[in-house]
Amino acid sequence: TGERFDRLMKRLILDPLGMQGDYDPASLPAERIANLATLYRKATRGDTQVWNPQGPWVPQVDDHSAGPPESRARADYEVGSNGTLFGPQGGLRASASDLARVMRMLMNSGELDGKRILSTETVDAMLARQWPRGGAGGESGYGSHKARFNAWGLGNQQFLDVSGPDFGDRLVEGGGFVASGHLGDAYGLFATFAFDRASRNGFIFLVGGTSFDPEGERGAYSAASRFEERIATALYRRAIQGRAD
């Protein structure tokens with residue numbers, strides 16, 4: 001296309017979907033930058049990848065307290081020379097409401113608010129099973145020992161409701177919610193984006209950091225942390241099932 005990745009995504013996806021986020025935080029308006037969440041981790045300074053509950057809160061990313069963010073590309077950046085600058089694999093700064101619009105579009109086979117974003121055939125291909133754990137597609141090197149990832153489509157995890165103590169991809173207590181989506185696990189962030197296209201139900205949560213090492217609060221029925229299980233189950237029971245407990 002001859003366009004920078006962030007600008008291409010804004011033209012083709014973000015603006016048509018009515019999303020307010022951006023792949024280059026420096027392009028956000030001032031009020032959005034002021035509301036951009038800094039991700040923190042309780043850590044030892046100098047080694048931000050190791051949790052230390054007795055350590056200080058250490059900002060991991062998006063700490064703009066000293067000034068606004070700088071563009072991820074210099075003025076002399078050449079299109080196509082380094083697309084990773086814009087973080088296609090996780091560099092989008094978006095709100096939960098932004099992500100909800102993506103979810104609604106996918107659940108509605110590529111359409112949102114009467115506007116066609118993707119063809120039904122494209123969404124079908126995205127959500128079709130491409131990789132099963134233990135199959136011909138090989139093994140996942142990340143989380144495979146806990147069966148956290150068991151199947152993938154094109155860029156989306158497929159949650160198969162595999163369960164065990166500190167094992168599996170089950171989303172909600174008691175099981176029964178088989179879904180597609182994605183986990184967010186980086187720089188102290190814990191997040192889940194999961195939806196069932198058939199029932200048109202789903203939930204999103206974003207947790208910006210904990211004061212304890214999540215490995216110390218392992219899941220009762222999945223490889224997720226126990227607090228993630230509690231959040232997901234509460235959302236499912238109250239928002240989707242309409243229960244009061």
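Student: Is Arg-218 buried, partly exposed or exposed?

Tutor: Buried means under 20% relative accessible area, exposed over 50%, and partly exposed in between, with a 1.4 Å probe and protein chains only. Arg-218 has a relative accessible area of 49% and is therefore partly exposed. Please note that this is a predicted model, in which local features need pLDDT of at least 70 and side-chain atom pairs count only at pLDDT 80 or more, while totals for chains, interfaces and linings use all residues. Residues are numbered from 1 along each chain as its sequence is written, and side-chain values use heavy atoms, with hydrogens and water left out.

Student: With which residue does Arg-218 form a salt bridge?

Tutor: A salt bridge is a side-chain nitrogen of Lys or Arg within 4 Å of a carboxyl oxygen of Asp or Glu. The partner of Arg-218 is Asp-166, with the closest N and O atoms 3.7 Å apart. Asp-166 is buried, at a relative accessible area of 17%.

Student: Where do Asp-166 and Arg-218 lie?

Tutor: Helices (H or I, at least four residues) and strands (E, at least two) are DSSP runs, numbered from the N terminus. Asp-166 lies in the loop between β8 and β9, and Arg-218 in the loop between β11 (201-207) and α5, so the pair ties together parts that are 52 residues apart in sequence.

Student: How many salt bridges does the structure hold?

Tutor: The structure holds 20. One of them joins Arg-148 to Asp-185, with 3.6 Å between the closest N and O atoms. Arg-148 is in the loop between β6 (131-132) and β7 (151-152), and Asp-185 is in strand β9 (residues 179-186), so this pair links parts that are 37 residues apart in sequence. Arg-148 is buried, with a relative accessible area of 15%, whereas Asp-185 is partly exposed at 39%.

Student: Which element holds both Arg-226 and Glu-229?

Tutor: Both lie in helix α5, 3 residues apart, about one turn of the helix. Arg-226 is buried at 18% relative accessibility, and Glu-229 is buried at 1%. Elsewhere, salt bridges that share partners join Lys-146, Asp-166, Glu-215 and Arg-218 into one network.

Student: How many aromatic pairs are found in the whole structure?

Tutor: Rings of Phe, Tyr and Trp (its six-membered ring) pair if their centres lie within 6.5 Å; planes under 30 degrees apart count as stacked, over 60 as edge-to-face and the rest as tilted. The search finds 9 such pairs. Among them, Phe-190 and Phe-227 are edge-to-face, 5.4 Å centre to centre with 80 degrees between the planes. Phe-190 belongs to strand β10 (residues 189-196) and Phe-227 to helix α5, so the pair ties together parts that are 37 residues apart in sequence. Both residues are buried. Trp-51, Phe-190, Phe-212 and Phe-227 form one aromatic cluster.

Student: How many cavities of 30 Å³ or more does the search find?

Tutor: Rolling a probe the size of a water molecule over the atoms shows where empty space is left. On a 1 Å grid over the protein atoms alone, a cavity is a set of points where a 1.4 Å probe fits but cannot get out, and lining residues have an atom within 4 Å of a point. The search finds 1 cavity of that size. Of its 16 lining residues, those closest to its centre are Arg-170, Leu-171, Leu-183, Ser-222 and Ala-224. Helix α5 gives the most to the lining, with 3 residues.

Technical notes
On a 1 Å grid over the protein atoms alone, a cavity is a set of points where a 1.4 Å probe fits but cannot get out, and a pocket is an open set with protein on both sides within 12 Å along at least five of seven lines; lining residues have an atom within 4 Å of a point. Grid points are joined across faces, edges and corners, and a volume is the space filled by probe spheres set on the points.
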